[in-house]
Amino acid sequence: MITIELDIAQTVGIAAVLLVVGDFIKNRVGVLSRYFIPGPIIGGLAFSLIALVGHQTGLFTFQFYDNMRAFLLLVFFTTIGFSASFELLKKGGVGVALFLAAAVGLVVLQNLLGAGLAAALGVHPLIGVAAGSISLTGGHGTSAAFGPLLEQAGAAGALPAAIAAATYGLVAGCVIGGPLGTLLMRRNGLHASGLAAGSPAGATAADAANAATARVPAPAPTGNSDTVMYASILIAVSIGAGTLLVNWLKGLGITLPSYLGPMLVAALVRNIIDWRDSALPLRQFEVVGNVSLAFFLAMALMSMKLWELAEVAGPLLVILLAQTVLMFAYGYFITFRVMGRDYDAAVIAAGHCGFGMGATPNAMANMQAFTAANGPSVKAFFVIPLVGSLFIDFFNAVIITGFMNYLK
(Lines give C-alpha, C1' and ligand atoms only; values in the text may rest on other atoms or scores of the structure.)
Protein backbone atom coordinates (compact mmCIF):
# COMPACT_ATOMS: atom_id res chain seq x y z
CA MET A 1 0.00 0.00 0.00
CA ILE A 2 1.32 3.46 -0.95
CA THR A 3 1.41 6.00 1.89
CA ILE A 4 0.84 9.57 0.70
CA GLU A 5 2.40 11.90 3.30
CA LEU A 6 1.23 15.52 3.39
CA ASP A 7 3.08 18.34 5.20
CA ILE A 8 1.43 21.35 6.84
CA ALA A 9 1.15 23.40 3.63
CA GLN A 10 -0.31 20.52 1.66
CA THR A 11 -2.74 19.56 4.43
CA VAL A 12 -4.05 23.13 4.73
CA GLY A 13 -4.17 23.46 0.94
CA ILE A 14 -6.30 20.34 0.52
CA ALA A 15 -8.58 21.51 3.35
CA ALA A 16 -9.08 24.83 1.56
CA VAL A 17 -9.99 23.04 -1.67
CA LEU A 18 -12.45 20.84 0.22
CA LEU A 19 -14.15 23.93 1.68
CA VAL A 20 -14.82 25.17 -1.84
CA VAL A 21 -15.94 21.74 -3.04
CA GLY A 22 -18.27 21.34 -0.07
CA ASP A 23 -19.98 24.68 -0.65
CA PHE A 24 -20.25 23.94 -4.38
CA ILE A 25 -22.06 20.65 -3.69
CA LYS A 26 -24.24 22.16 -0.96
CA ASN A 27 -25.45 24.98 -3.22
CA ARG A 28 -26.52 22.47 -5.87
CA VAL A 29 -28.16 19.81 -3.69
CA GLY A 30 -31.29 21.25 -2.12
CA VAL A 31 -31.63 18.73 0.71
CA LEU A 32 -28.16 19.62 2.02
CA SER A 33 -29.05 23.32 2.23
CA ARG A 34 -32.49 22.59 3.69
CA TYR A 35 -31.03 20.75 6.66
CA PHE A 36 -28.04 23.10 7.13
CA ILE A 37 -25.36 20.46 6.47
CA PRO A 38 -22.07 22.43 6.72
CA GLY A 39 -19.96 22.77 3.58
CA PRO A 40 -16.75 21.58 5.33
CA ILE A 41 -18.56 18.39 6.36
CA ILE A 42 -19.58 17.70 2.75
CA GLY A 43 -16.13 18.36 1.32
CA GLY A 44 -14.30 16.48 4.07
CA LEU A 45 -16.65 13.51 3.79
CA ALA A 46 -16.11 13.38 0.02
CA PHE A 47 -12.35 13.12 0.61
CA SER A 48 -12.79 10.49 3.33
CA LEU A 49 -14.74 8.38 0.82
CA ILE A 50 -11.66 8.49 -1.45
CA ALA A 51 -9.56 7.37 1.53
CA LEU A 52 -12.06 4.57 2.17
CA VAL A 53 -11.61 3.33 -1.40
CA GLY A 54 -7.84 3.36 -0.96
CA HIS A 55 -8.09 1.42 2.32
CA GLN A 56 -10.57 -1.17 1.04
CA THR A 57 -8.59 -1.84 -2.15
CA GLY A 58 -5.22 -1.74 -0.38
CA LEU A 59 -3.85 0.71 -2.96
CA PHE A 60 -3.11 3.86 -0.96
CA THR A 61 -3.49 5.64 2.35
CA PHE A 62 -3.01 9.24 3.52
CA GLN A 63 -0.94 10.61 6.37
CA PHE A 64 -1.73 14.21 7.34
CA TYR A 65 0.00 16.89 9.40
CA ASP A 66 -2.08 16.91 12.59
CA ASN A 67 -0.44 19.67 14.66
CA MET A 68 -2.27 22.38 12.69
CA ARG A 69 -5.59 20.73 13.47
CA ALA A 70 -4.74 20.68 17.19
CA PHE A 71 -3.98 24.41 17.11
CA LEU A 72 -7.21 25.21 15.27
CA LEU A 73 -9.05 23.29 17.99
CA LEU A 74 -7.56 25.59 20.63
CA VAL A 75 -8.54 28.68 18.63
CA PHE A 76 -12.10 27.43 18.17
CA PHE A 77 -12.68 26.72 21.86
CA THR A 78 -11.06 30.00 22.84
CA THR A 79 -13.62 31.90 20.74
CA ILE A 80 -16.34 29.88 22.50
CA GLY A 81 -14.93 31.08 25.81
CA PHE A 82 -15.24 34.69 24.68
CA SER A 83 -18.97 34.13 24.09
CA ALA A 84 -19.65 33.21 27.74
CA SER A 85 -20.82 36.56 29.09
CA PHE A 86 -22.51 36.10 32.44
CA GLU A 87 -23.45 39.78 32.50
CA LEU A 88 -25.40 39.14 29.32
CA LEU A 89 -26.99 36.06 30.88
CA LYS A 90 -28.14 38.18 33.81
CA LYS A 91 -29.53 40.87 31.53
CA GLY A 92 -31.28 38.26 29.37
CA GLY A 93 -33.84 37.75 32.08
CA VAL A 94 -35.55 34.77 33.62
CA GLY A 95 -36.56 33.28 30.27
CA VAL A 96 -32.96 32.97 29.09
CA ALA A 97 -31.83 31.47 32.39
CA LEU A 98 -34.70 28.97 32.41
CA PHE A 99 -34.06 27.80 28.87
CA LEU A 100 -30.33 27.53 29.54
CA ALA A 101 -31.14 25.34 32.55
CA ALA A 102 -33.44 23.20 30.40
CA ALA A 103 -30.77 22.90 27.70
CA VAL A 104 -28.11 21.91 30.24
CA GLY A 105 -30.48 19.32 31.70
CA LEU A 106 -30.94 17.80 28.26
CA VAL A 107 -27.15 17.68 27.76
CA VAL A 108 -26.76 15.60 30.91
CA LEU A 109 -29.61 13.23 29.99
CA GLN A 110 -28.32 12.76 26.43
CA ASN A 111 -24.97 11.61 27.76
CA LEU A 112 -26.47 9.39 30.45
CA LEU A 113 -28.78 7.73 27.93
CA GLY A 114 -26.06 7.35 25.31
CA ALA A 115 -23.45 5.93 27.68
CA GLY A 116 -25.96 3.61 29.34
CA LEU A 117 -27.27 2.19 26.06
CA ALA A 118 -23.75 1.83 24.64
CA ALA A 119 -22.68 -0.22 27.65
CA ALA A 120 -25.84 -2.34 27.40
CA LEU A 121 -25.22 -2.95 23.69
CA GLY A 122 -21.63 -4.04 24.26
CA VAL A 123 -19.73 -1.05 22.87
CA HIS A 124 -17.52 1.49 24.62
CA PRO A 125 -19.64 3.91 26.72
CA LEU A 126 -17.85 6.85 25.10
CA ILE A 127 -19.47 5.85 21.79
CA GLY A 128 -22.73 6.67 23.57
CA VAL A 129 -21.36 10.07 24.56
CA ALA A 130 -20.38 10.58 20.92
CA ALA A 131 -24.05 9.95 20.10
CA GLY A 132 -25.10 12.16 23.01
CA SER A 133 -24.60 15.85 23.60
CA ILE A 134 -21.35 15.89 21.60
CA SER A 135 -23.11 15.33 18.30
CA LEU A 136 -26.68 16.36 19.08
CA THR A 137 -26.58 19.51 21.22
CA GLY A 138 -23.01 20.14 20.04
CA GLY A 139 -23.31 19.47 16.31
CA HIS A 140 -20.58 18.82 13.77
CA GLY A 141 -18.06 21.26 15.25
CA THR A 142 -18.15 19.67 18.69
CA SER A 143 -18.18 16.20 17.10
CA ALA A 144 -15.03 16.89 15.13
CA ALA A 145 -13.39 18.40 18.20
CA PHE A 146 -14.18 15.63 20.65
CA GLY A 147 -14.20 12.62 18.31
CA PRO A 148 -10.39 12.23 18.23
CA LEU A 149 -10.25 12.72 22.01
CA LEU A 150 -12.77 9.92 22.50
CA GLU A 151 -10.72 7.68 20.24
CA GLN A 152 -7.59 8.46 22.26
CA ALA A 153 -9.55 7.43 25.36
CA GLY A 154 -10.22 4.01 23.83
CA ALA A 155 -13.47 4.44 21.88
CA ALA A 156 -12.50 3.22 18.41
CA GLY A 157 -14.65 4.73 15.67
CA ALA A 158 -15.87 7.61 17.86
CA LEU A 159 -15.12 10.32 15.28
CA PRO A 160 -17.10 8.86 12.36
CA ALA A 161 -19.84 7.84 14.81
CA ALA A 162 -20.11 11.39 16.14
CA ILE A 163 -20.16 12.90 12.65
CA ALA A 164 -22.84 10.43 11.52
CA ALA A 165 -24.88 11.16 14.66
CA ALA A 166 -24.59 14.92 14.14
CA THR A 167 -25.85 14.58 10.56
CA TYR A 168 -28.74 12.40 11.74
CA GLY A 169 -29.57 14.98 14.41
CA LEU A 170 -29.82 17.83 11.91
CA VAL A 171 -32.52 15.94 10.03
CA ALA A 172 -34.34 14.40 13.01
CA GLY A 173 -34.49 17.71 14.89
CA CYS A 174 -36.26 19.35 11.97
CA VAL A 175 -38.63 16.41 11.54
CA ILE A 176 -39.94 16.25 15.12
CA GLY A 177 -40.04 19.98 15.96
CA GLY A 178 -43.24 20.91 14.12
CA PRO A 179 -45.26 17.87 15.27
CA LEU A 180 -44.24 18.50 18.89
CA GLY A 181 -45.34 22.16 18.76
CA THR A 182 -48.62 21.23 17.09
CA LEU A 183 -49.31 18.52 19.69
CA LEU A 184 -48.67 20.96 22.54
CA MET A 185 -50.98 23.56 20.99
CA ARG A 186 -53.84 21.09 20.54
CA ARG A 187 -53.49 19.38 23.91
CA ASN A 188 -53.38 22.70 25.78
CA GLY A 189 -55.71 24.82 23.64
CA LEU A 190 -53.03 27.41 22.90
CA HIS A 191 -53.18 30.35 20.49
CA ALA A 192 -50.64 32.98 19.52
CA SER A 193 -51.07 36.32 21.22
CA GLY A 194 -48.66 37.97 18.79
CA LEU A 195 -46.86 39.63 21.69
CA ALA A 196 -44.26 38.60 24.21
CA ALA A 197 -44.56 39.89 27.75
CA GLY A 198 -43.46 43.49 27.84
CA SER A 199 -43.23 43.76 24.04
CA PRO A 200 -44.76 46.71 22.19
CA ALA A 201 -47.72 46.22 19.87
CA GLY A 202 -46.73 44.88 16.47
CA ALA A 203 -43.50 43.30 17.70
CA THR A 204 -42.01 40.70 15.38
CA ALA A 205 -39.12 38.26 15.31
CA ALA A 206 -36.95 41.04 13.93
CA ASP A 207 -37.64 43.04 17.08
CA ALA A 208 -36.39 40.12 19.11
CA ALA A 209 -33.15 40.11 17.16
CA ASN A 210 -32.79 43.85 17.74
CA ALA A 211 -33.48 43.36 21.44
CA ALA A 212 -30.81 40.68 21.66
CA THR A 213 -28.31 42.95 19.93
CA ALA A 214 -29.16 45.78 22.30
CA ARG A 215 -28.13 43.63 25.27
CA VAL A 216 -24.69 42.85 23.92
CA PRO A 217 -21.86 45.13 25.15
CA ALA A 218 -20.82 47.62 22.51
CA PRO A 219 -18.70 45.86 19.88
CA ALA A 220 -15.52 47.36 18.59
CA PRO A 221 -15.76 48.89 15.11
CA THR A 222 -15.46 46.36 12.29
CA GLY A 223 -12.98 46.56 9.43
CA ASN A 224 -10.32 48.31 11.54
CA SER A 225 -6.88 46.72 11.42
CA ASP A 226 -6.23 47.78 15.03
CA THR A 227 -9.41 45.99 16.11
CA VAL A 228 -8.41 42.82 14.25
CA MET A 229 -5.03 42.98 15.99
CA TYR A 230 -6.77 43.52 19.35
CA ALA A 231 -8.91 40.42 18.82
CA SER A 232 -5.90 38.39 17.70
CA ILE A 233 -3.92 39.43 20.77
CA LEU A 234 -6.76 38.51 23.14
CA ILE A 235 -7.12 35.10 21.50
CA ALA A 236 -3.37 34.41 21.48
CA VAL A 237 -2.89 35.51 25.10
CA SER A 238 -5.85 33.40 26.23
CA ILE A 239 -4.47 30.34 24.43
CA GLY A 240 -1.03 30.84 25.95
CA ALA A 241 -2.30 31.49 29.46
CA GLY A 242 -4.81 28.65 29.20
CA THR A 243 -2.10 26.21 28.15
CA LEU A 244 0.02 27.28 31.12
CA LEU A 245 -3.01 26.73 33.37
CA VAL A 246 -3.54 23.20 32.02
CA ASN A 247 0.16 22.35 32.50
CA TRP A 248 0.20 23.80 36.03
CA LEU A 249 -2.86 21.81 37.05
CA LYS A 250 -1.35 18.68 35.51
CA GLY A 251 1.65 19.16 37.80
CA LEU A 252 -0.78 19.15 40.73
CA GLY A 253 -2.30 15.89 39.55
CA ILE A 254 -5.39 17.47 37.90
CA THR A 255 -5.65 16.54 34.22
CA LEU A 256 -7.69 18.80 31.94
CA PRO A 257 -8.08 18.62 28.16
CA SER A 258 -5.84 21.10 26.35
CA TYR A 259 -8.81 23.11 25.02
CA LEU A 260 -10.44 23.68 28.41
CA GLY A 261 -7.76 25.99 29.83
CA PRO A 262 -7.87 28.52 26.96
CA MET A 263 -11.67 28.41 26.97
CA LEU A 264 -11.85 29.20 30.70
CA VAL A 265 -9.25 31.97 30.44
CA ALA A 266 -11.16 33.50 27.51
CA ALA A 267 -14.39 33.41 29.54
CA LEU A 268 -12.61 35.18 32.39
CA VAL A 269 -11.22 37.84 30.03
CA ARG A 270 -14.66 38.35 28.46
CA ASN A 271 -16.32 38.92 31.81
CA ILE A 272 -13.58 41.31 32.99
CA ILE A 273 -14.13 43.33 29.80
CA ASP A 274 -17.89 43.27 30.42
CA TRP A 275 -17.35 44.45 33.99
CA ARG A 276 -15.23 47.35 32.77
CA ASP A 277 -17.88 48.13 30.11
CA SER A 278 -15.18 48.22 27.43
CA ALA A 279 -15.54 47.57 23.71
CA LEU A 280 -15.34 43.99 22.51
CA PRO A 281 -14.20 42.83 19.05
CA LEU A 282 -17.21 40.51 18.83
CA ARG A 283 -17.35 40.38 15.04
CA GLN A 284 -13.65 39.60 14.84
CA PHE A 285 -14.02 36.77 17.38
CA GLU A 286 -16.87 35.38 15.29
CA VAL A 287 -14.85 35.52 12.06
CA VAL A 288 -11.79 33.86 13.61
CA GLY A 289 -13.97 31.20 15.22
CA ASN A 290 -15.82 30.46 11.98
CA VAL A 291 -12.65 30.24 9.89
CA SER A 292 -10.82 28.05 12.39
CA LEU A 293 -13.86 25.78 12.72
CA ALA A 294 -14.29 25.46 8.94
CA PHE A 295 -10.66 24.42 8.41
CA PHE A 296 -10.73 22.19 11.48
CA LEU A 297 -13.86 20.40 10.24
CA ALA A 298 -12.38 19.86 6.79
CA MET A 299 -9.13 18.49 8.24
CA ALA A 300 -10.93 16.26 10.74
CA LEU A 301 -13.30 14.84 8.14
CA MET A 302 -10.70 14.21 5.45
CA SER A 303 -8.64 12.16 7.93
CA MET A 304 -11.69 10.23 9.20
CA LYS A 305 -11.49 6.43 9.04
CA LEU A 306 -14.92 5.51 7.75
CA TRP A 307 -14.19 1.78 7.91
CA GLU A 308 -14.23 2.00 11.71
CA LEU A 309 -17.89 3.14 11.62
CA ALA A 310 -19.08 -0.31 10.54
CA GLU A 311 -18.15 -1.79 13.93
CA VAL A 312 -20.54 0.50 15.84
CA ALA A 313 -23.21 1.21 13.20
CA GLY A 314 -25.89 -1.05 14.73
CA PRO A 315 -25.62 0.19 18.33
CA LEU A 316 -25.28 3.76 17.05
CA LEU A 317 -28.63 3.56 15.25
CA VAL A 318 -30.35 2.20 18.37
CA ILE A 319 -28.88 5.00 20.49
CA LEU A 320 -29.92 7.70 18.00
CA LEU A 321 -33.51 6.43 17.83
CA ALA A 322 -33.63 6.48 21.63
CA GLN A 323 -32.19 10.00 21.65
CA THR A 324 -34.97 11.12 19.28
CA VAL A 325 -37.61 9.76 21.66
CA LEU A 326 -35.82 11.46 24.56
CA MET A 327 -35.80 14.82 22.76
CA PHE A 328 -39.51 14.65 21.94
CA ALA A 329 -40.43 13.63 25.50
CA TYR A 330 -38.11 16.21 27.04
CA GLY A 331 -39.61 18.98 24.93
CA TYR A 332 -43.13 17.88 25.84
CA PHE A 333 -42.70 17.28 29.57
CA ILE A 334 -39.79 19.56 30.54
CA THR A 335 -39.07 22.41 28.12
CA PHE A 336 -42.74 23.30 27.63
CA ARG A 337 -43.45 23.35 31.37
CA VAL A 338 -40.23 25.11 32.39
CA MET A 339 -40.87 27.88 29.84
CA GLY A 340 -44.39 28.63 31.06
CA ARG A 341 -46.89 26.23 29.40
CA ASP A 342 -48.11 28.93 26.98
CA TYR A 343 -47.86 29.47 23.22
CA ASP A 344 -44.34 30.89 23.51
CA ALA A 345 -43.34 27.78 25.43
CA ALA A 346 -44.75 25.57 22.66
CA VAL A 347 -42.70 27.46 20.05
CA ILE A 348 -39.58 27.18 22.23
CA ALA A 349 -40.19 23.43 22.66
CA ALA A 350 -40.41 23.05 18.88
CA GLY A 351 -37.22 25.07 18.53
CA HIS A 352 -35.52 23.04 21.24
CA CYS A 353 -35.91 19.94 19.04
CA GLY A 354 -33.78 21.57 16.36
CA PHE A 355 -31.44 23.04 18.98
CA GLY A 356 -31.05 19.85 21.03
CA MET A 357 -30.71 17.50 18.05
CA GLY A 358 -28.89 19.70 15.58
CA ALA A 359 -27.93 23.36 15.79
CA THR A 360 -29.32 26.85 16.36
CA PRO A 361 -30.12 27.35 12.63
CA ASN A 362 -32.29 24.23 12.80
CA ALA A 363 -34.08 25.66 15.81
CA MET A 364 -34.69 28.90 13.93
CA ALA A 365 -35.98 26.97 10.92
CA ASN A 366 -38.37 24.99 13.14
CA MET A 367 -39.71 28.14 14.78
CA GLN A 368 -40.01 30.08 11.54
CA ALA A 369 -42.05 27.30 9.94
CA PHE A 370 -44.20 26.89 13.04
CA THR A 371 -44.88 30.58 13.65
CA ALA A 372 -45.59 31.19 9.96
CA ALA A 373 -48.58 28.87 10.32
CA ASN A 374 -49.63 29.69 13.89
CA GLY A 375 -48.55 33.23 14.74
CA PRO A 376 -45.44 35.08 16.01
CA SER A 377 -43.48 34.51 19.22
CA VAL A 378 -40.98 37.24 20.02
CA LYS A 379 -39.89 35.51 23.23
CA ALA A 380 -38.88 32.33 21.40
CA PHE A 381 -36.86 34.19 18.78
CA PHE A 382 -35.06 36.05 21.57
CA VAL A 383 -34.34 33.21 24.00
CA ILE A 384 -33.09 30.39 21.76
CA PRO A 385 -30.54 32.35 19.66
CA LEU A 386 -29.13 33.97 22.81
CA VAL A 387 -28.60 30.64 24.56
CA GLY A 388 -27.45 28.90 21.38
CA SER A 389 -24.91 31.49 20.34
CA LEU A 390 -23.54 32.58 23.70
CA PHE A 391 -23.80 29.88 26.34
CA ILE A 392 -24.62 26.27 25.49
CA ASP A 393 -21.31 25.36 23.82
CA PHE A 394 -19.44 26.51 26.92
CA PHE A 395 -21.56 24.45 29.34
CA ASN A 396 -21.68 21.48 26.97
CA ALA A 397 -17.88 21.31 26.72
CA VAL A 398 -17.50 21.31 30.50
CA ILE A 399 -20.12 18.57 30.95
CA ILE A 400 -18.65 16.42 28.16
CA THR A 401 -15.22 16.72 29.79
CA GLY A 402 -16.68 15.41 33.04
CA PHE A 403 -18.24 12.40 31.30
CA MET A 404 -15.00 11.67 29.42
CA ASN A 405 -12.90 11.72 32.56
CA TYR A 406 -15.34 9.40 34.32
CA LEU A 407 -15.85 6.90 31.50
CA LYS A 408 -12.46 6.63 29.80
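Guide: A salt bridge is a side-chain nitrogen of Lys or Arg within 4 Å of a carboxyl oxygen of Asp or Glu. By this rule the count comes to two salt bridges. The model is a predicted one.

Visitor: Why is the pair D274 and R270 called a salt bridge?

Guide: The closest N and O atoms of D274 and R270 are 3.2 Å apart. The cut-off is 4 Å, so the pair qualifies. Both residues lie in helix α12 (residues 260-275), four residues apart, about one turn of the helix.

Visitor: What makes D274 and R270 count as buried?

Guide: Buried means under 20% relative accessible area. D274 has 9%, so D274 is buried. R270 has 2%, so R270 is buried too.

Visitor: Which label do E286 and R283 get, and why?

Guide: E286 has a relative accessible area of 41%, and R283 has 43%. E286 and R283 are three residues apart in helix α13 (residues 282-302), about one helical turn.

Visitor: How do you know whether S238 is buried or exposed?

Guide: S238 has a relative accessible area of 1%, which is under 20%, so S238 is buried. S238 lies in helix α11 (residues 225-251). Leaving aside residues up to four places away in sequence, S238 touches T78, F82, P262, V265, A266 and V269.

Key
Residues are numbered from 1 along each chain as its sequence is written. This is a predicted model: local features need pLDDT of at least 70, side-chain atom pairs count only at pLDDT 80 or more; totals for chains, interfaces and linings use all residues. Side-chain values use heavy atoms; hydrogens and water are left out. Helices (H or I, at least four residues) and strands (E, at least two) are DSSP runs, numbered from the N terminus. Buried means under 20% relative accessible area, exposed over 50%, partly exposed in between (1.4 Å probe, protein chains only). Contact means heavy atoms within 4.5 Å.
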